[in-house]
Amino acid sequence: MKIALLGNPNTGKSSLFNLLTGLRQQVGNFPGVTVEKKSGFFTDKNQKFDIVDFPGTYSLDPRSLDEQVVSKVLGDPQNPDYPDLILAVVDASRLENNLFLFTQLYEFNIPMVLVLNMWDVAKKQGIQIDIEKLKQLFPDITIVATNARLGLGKERILNALNAVKKRNGKGFMGVAPSSNKAIDDKIKRQEAKLRKEKIEIVIHETLTKSNTSKQSRLDAFFVHPLWGYLFFLGVLLVMFQFIFSFAAYPMDFIDGSFGKFAHWMSNILPSGVLNDLISEGIIPGIGGVVIFVPQIALLFFFIGILEETGYLSRVVFIMDRIMRPLGLNGKSLVPLMSSLACAIPGVMSARTISNWKERLITILIAPLMSCSARIPVYTLLIALVIPEGYLFGFINIQGIVLFGLYFLGVVGALLTALVLKLLIRSKSKGFMLLELPALKPPRWADVFTSVLEKVKIFIFDAGKIIVAISIVLWFLASYGPGNSINNARENIRKTADYQSADKEEKKNLESSAGLKHSYIGELGQIIEPIIAPLGYDWKIGISLITSFAAREVFVGSLSTIYAVQDEGDEPTKLIDSMRNEKRTDGSPTYSLAAGISLMVFYVFAMQCMSTVAIVKRETQSWKWPLTQFAFMGIMAYAFSWLTYVILT
Amino acid sequence: MQKRLSDCLLGEAIEVLSIEDDFMATKLIEMGMTEHLKTKIVLIAPLGDPIAIDIKGFTLSLRISEAEKILVKKLSQH
């Protein structure tokens, strides 16, 4: 049996879904739109129930994407998701508001079970609902009361599903809500008004309320002009402390494990192309996906708590006015802040923004925020070209430059948002009618389910593209035209330097010669004329290309090119080699101008295939990731060139 | 006394008289706000925008530009 789970936002619909399906669920999109489709199944008395958790909406009037998806499925019996039964969830403590969607659903002649959820909350607020009376008013459906947050009522729902009533075809207003988009706003308003008036009669007959509800005192604190912002700042500090510092341990572990695993595989497999492909292409490629999991999981753990408790909507409330002039909205803040750790979870968390234009702008500017993968690049280059010392005796110059790079990224992102706001045309009207749900403690099972869901999306959807590009990059770095790599290795063995080197140095010299003559090496030399105006040579060109796997690869590539051991955190040998590197005219390659120009390039350029993959996934087309790649590339080139010209 | 929702004070008891925009009015009815609803502003964001009103136990946030389209009258408090 196919079940459609429908209801308003914040009715505990997802809790109910988790309660019924456990972890037997998967997340995807409805065909052709970026509306999340959660589906799952459960069995009871040898019957299998497939259930789809539709997005929470307030009505079936197809204005937003969410509403369009719901009304499309219910209006078309041929649709693969067309249900045999509607499981409608309402929040018993807000019955009157929730009945609007319910009565619209009731117009369809589909068997139905109505779940009065959050029964205890209603009771606590002094709300009494006469269920018997409701059953008389809606005689051809089953009505049950539950409390999904506490895990109560599953049995009642299952019983109801096993004794589904046949519909009598009468409906509530007697007419199905029109799915016709062309209908005049005036007529729609009239329809809605009549429905609402009839609901008020139902409420009058079934509901009594003994005391009036009060606004939580916490709310006044959360939106306070001083305490509200300070508290939010505190929340962010805690989040980032966790994401930056504590994610580092599992990330190092994952990095080490994949390294060992690759080494082990290369030893047990017979040497040859297959061995290289697996140990140098596929395993590091998968490792490059898995390494992001700790950050993603931690970030979504925190966002899950903020969302579950209802606090996130208070943040939106106090940030909306500040973000609006930039074409963003209050909800853009979390994705942008997250992108300071990593743009991947940042882009994914933009899903909470319902306005497509504002969501798109948020996604497009998110990678301009300097992520943690840029840190190794920044620190290497700062150590190389910025002198140590203090300004006015106490401000660390290198520290100021690092801060300046972050600042440049943030300013770049906000100005880009401003430009995109003018360029992107939007169909949807800019209304922001937002519900501020009642504050409540998080339900941990739901938080963990959402973390798991996000990690799965990343690994399976973005992971495919990341692994594929890693393999391409591996191929380009390991093979060259004709026999060029082998020839280069042969030649290097004849040199005096090689003869006098120890075993480790010999290996480094060989891989350096190999990389220079690989396809990527050739590519670096081809693009040299293009990047020369920025102050870069072909060796930097090679590193720019390999950086596309992940920005921090820049350091590793340079180590290979200069034939030094990659020493990780403090690459002193690499810095020495880079410092001694000369241009043909004898001046140092890494001059102050070239070094800063390179840093500026890394601030703006989209050198991260994982982000490209996730933007493709979230926007459902190649159009936006490619646009983003292009404008970030243009910004990187223009600003680096400007920097180089000004400083030389 | 008639005025716009955007001009109301925090906690002032008011009744909704009319909503100017048909599209927005429909959305508001779906979320529970109808003409004749007795309500009050329960929260105001630091920069005075957006504001939040109470709709029978449900808190709805709306921008000032939206509140400007809603005509209300002040109720005498008892």
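Biologist: What covers the buried residues of α1(B)?
Modeller: This is a predicted model, where local features need pLDDT of at least 70, side-chain atom pairs count only at pLDDT 80 or more, and totals for chains, interfaces and linings use all residues. Residues are numbered from 1 along each chain as its sequence is written, while chains are lettered from A and ligands numbered from 1 in the order in which they are written. A residue is buried if 20 or more other C-beta atoms lie within 10 Å of its own, exposed if 12 or fewer, and partly exposed in between, with C-beta atoms placed from the backbone. The cover includes β2 (14–19) and α2 (64–67) of chain B, together with α3 and α7 of chain A.

Biologist: How many of the nine residues of helix α1 of chain B are buried?
Modeller: Helices (H or I, at least four residues) and strands (E, at least two) are DSSP runs, numbered from the N terminus. The buried set includes B:Met24, B:Leu28 and B:Ile29, but also B:Lys27 and B:Glu30. Helix α1(B), residues 22–30, is largely enclosed by the rest of the structure, because the buried count is seven of the nine.

Biologist: Which element gives the most to the side of chain A that touches chain B?
Modeller: Two residues are in contact if their C-beta atoms, placed from the backbone, lie within 7 Å. By that rule, 33 residues of chain A are in contact with 30 residues of chain B. At least two residues each come from α3 (95–107), α7 (185–206), α13 (311–323) and β12 (434–436) of chain A. With seven residues, the top contributor is α7(A).

Biologist: Which strand of chain B does β12(A) join?
Modeller: Two strands pair if DSSP finds at least two bridges between them. Here there are three bridges, and the strands run antiparallel. A:Leu436 stands opposite B:Thr59. The partner is β6(B), residues 58–62.

Biologist: Which residue has a positive phi in the hairpin of β5(B) and β6(B)?
Modeller: These two strands pair in the antiparallel sense over five bridges. B:Ile55 has B:Phe58 as its bridge partner. Two residues lie between the strands, and the one with phi near 50° is B:Lys56.

Biologist: And in the hairpin of β4(B) and β5(B), which residue takes a positive phi?
Modeller: Strand β4(B), residues 41–44, is joined to β5(B) by three bridges, running antiparallel. B:Leu43 is the bridge partner of B:Ala52. Six residues lie between the strands, and the one with phi near 80° is B:Gly48.

Biologist: Is strand β5 of chain B largely enclosed or open, and how many of its five residues are buried?
Modeller: The strand covers residues 51–55. It is largely enclosed by the rest of the structure, because the buried count is four of the five.

Biologist: What is the strand order of the open sheet of four strands in chain B?
Modeller: The edge strands, each pairing on one side only, are β1 (2–4) and β3 (38–39) of chain B. β1(B) pairs with β7(B), residues 70–74, in the antiparallel sense over three bridges. B:Gln2 stands opposite B:Lys73 there. Pairing in the sheet is antiparallel, and the order is β1-β7-β2-β3.

Biologist: What radius of gyration does chain B have?
Modeller: The radius is taken over C-alpha atoms, and the globule rule is 2.2 Å times the number of residues to the power 0.38. For 78 residues, a compact globule would be near 12 Å. Chain B agrees with that, at 11 Å.
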